Structure formats: structure tokens, C-alpha cells
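Please open the model in a viewer and keep the selection panel at hand.

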Amino acid sequence: MDLEQARAALIDAGRQLSDWELVIASSGNLSMKVGDHVLVSGSGTHLDRLEPGDLVLIDVDGRTVDGTAQPTSETPLHLAVYAATDAEAIAHTHATASAAISCVDTELPALHYMCLQLGGPVRVAPYATYGTPELANSVVAALGADRSGALMANHGSIAYGTGQPQAALDQACERLRILEWLCELHIQAHLIGTPQVLSTDQLDEVSRTTARMRAERQQMS
Ligand SMILES: [Zn+2]
């Protein structure tokens, strides 16, 4: 994917996140790897109406390579996640249910097996001021080696995707949407009672079932 295609892909992704009602005003940011560089949304831009000029190509140290926009204030966060994981694209928003849970809990319990799409119960990164290396470190620790999404205390949510560029960007956005749905489910379930939490054994059994079904599909094809 060249730079022009990457710009178009990020613009589409911003609209998609907005269509899913994950975007509030100018909050949130998007990025994807383009070769050795990272294309990020600009500071103060609105994800629901990004334009090519709102996107800026930076190197792994955050220096501008192409574009006139100021990179997002969360650039340290994006660069830290790329450095610590195999992420190829990252999405971050202040979606309501995710932000609400991030104010209350230290981990999103496994109420539904769809949490496995983020690696399991989602951890909440302890609070730090936006844009700081402290927040970047906090989120990297919450992701660890086994999660592709995290909540950020009193702030919002983040998810990343891996693999080929377009698939990775789609996956990052989809995971952010799933995380928001899991948070909404958590809130709704608590409104009507005390939810049952899935055990590690039950989640492991789901993972084994998924692997078995995938193998059977491959055998049939
Ligand atoms: Zn934010």
C-alpha cells in the first residue's frame, strides 16, 4: 500500500468509527504503518471528516516525514504500541461505554466469549495525562503480550490490528467496536442483576472449539 492509498484507508476508517458512533468531536486518533514510517491523524482533527491534509507521515521517533499537520498529541502512545507489539494499525477513541467502564473498573470481566477477539478479559491501563510517555507506558503494560486492546482509565479505549495494511486497519477498528460492545454489555448486565463471569476454563474451551472448527474448515476446503 502506498502513501496515497494509506491516506484514503485512514479517511475511510475514521468515517467507519464515526458511523459506529465511537467518535465524539475531535477526540480519538488513528494510525497505520506505511513501510518503515507511520501515518497518523493530525492533532485536533475530526475522525468523522478527515481529509488528506489532516494526515501526517512520521518516523519511529515522531519526526515529520511528509505532511503539514501537527501529529496527534497521542503520537507517543501510538509509537510505543508499535515498538512493543506486532501492530500494523491502531485505533483510539473516547467511546462512551468504554470511557465509562474505564472510570470504574481495573479490568473488564469476561462476560462474553467475544472478549477472546481482544485476547481475553481487557485490562484498564492506570490513568496518566494524555499525550505523555507515562500514558504510553501504562497502555503498553495493560496490553502486555496477550491483548490487542485495552481500556485507558478515565479516558477511553485503544485496539490494534496485525497483518496486511488494510486488514490490520479493519481489524483495529473492528476490535475497538467489539470492546465498546463488551463495555455496553457489562453496563446493561449490571443494570438488571449480577452477571455470571466466564471462567478461564470456559474461555480455554472456546479457544479449543474455535481452533477445532478452523481445522475442520481447512480440511473440507
Ligand atoms: Zn484520547
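How many helices and strands does the protein chain have? This is a predicted model, and its protein chain has six helices and nine strands. The radius of gyration is 17 Å, close to the 17 Å that the globule rule gives for 221 residues, so the chain is as compact as a globular protein of that length. With the C-alpha trace displayed, the spans along the principal axes are about 50 × 45 × 30 Å. Of the 221 residues, 39% count as buried.

**The sheet**

Select the nine strands next. They form an open sheet in the order β4-β3-β2-β1-β5-β9-β8-β7-β6, with mixed pairing. At the edges stand β4 (64–66) and β6 (107–108); each has a single partner strand, so one side of each is left without a neighbour in the sheet.

Now select β5, residues 89–93. Are its residues buried or exposed? Five of the five are buried, so β5 is largely enclosed by the rest of the structure. Colouring by face shows A89, A91 and T93 on one side and I90 and H92 on the other, and both faces are covered.

Four bridges join β1 to β5, and the two strands run antiparallel; N29 has H92 in β5 as its bridge partner.

Then show helix α5, residues 165–192: it lies across β1, β5, β6, β7 (122–125), β8 and β9, at about 145° to β9.

**A helix pair**

Finally, select α2 (residues 75–84) and α4 (residues 133–143). Their axes come within 8 Å and cross at roughly 35°, and the crossing is right-handed. Which residues make the contact? From α2 they are P76, L77, A80, V81 and A84, and from α4 they are P133, L135, A136, N137, V139, V140 and L143. By class, the residues of this contact comprise 11 nonpolar, one polar and no charged.

Note on methods: Residues numbered from 1 in each chain as written. Predicted model: local features only at pLDDT ≥ 70, side-chain atom pairs only at ≥ 80, totals over all residues. Axes fitted to C-alpha atoms, helices over the stretch in contact; angles between N-to-C directions. Left-handed = near helix turned anticlockwise from the far one by under 90°. Contact = placed C-beta atoms within 7 Å. Nonpolar A, V, L, I, M, F, W, Y, C, P; charged D, E, K, R; others polar. Pairing = 2+ DSSP bridges. Rg over C-alpha atoms; globule rule 2.2 N^0.38 Å. Buried ≥ 20, exposed ≤ 12 C-beta atoms within 10 Å, placed from the backbone.
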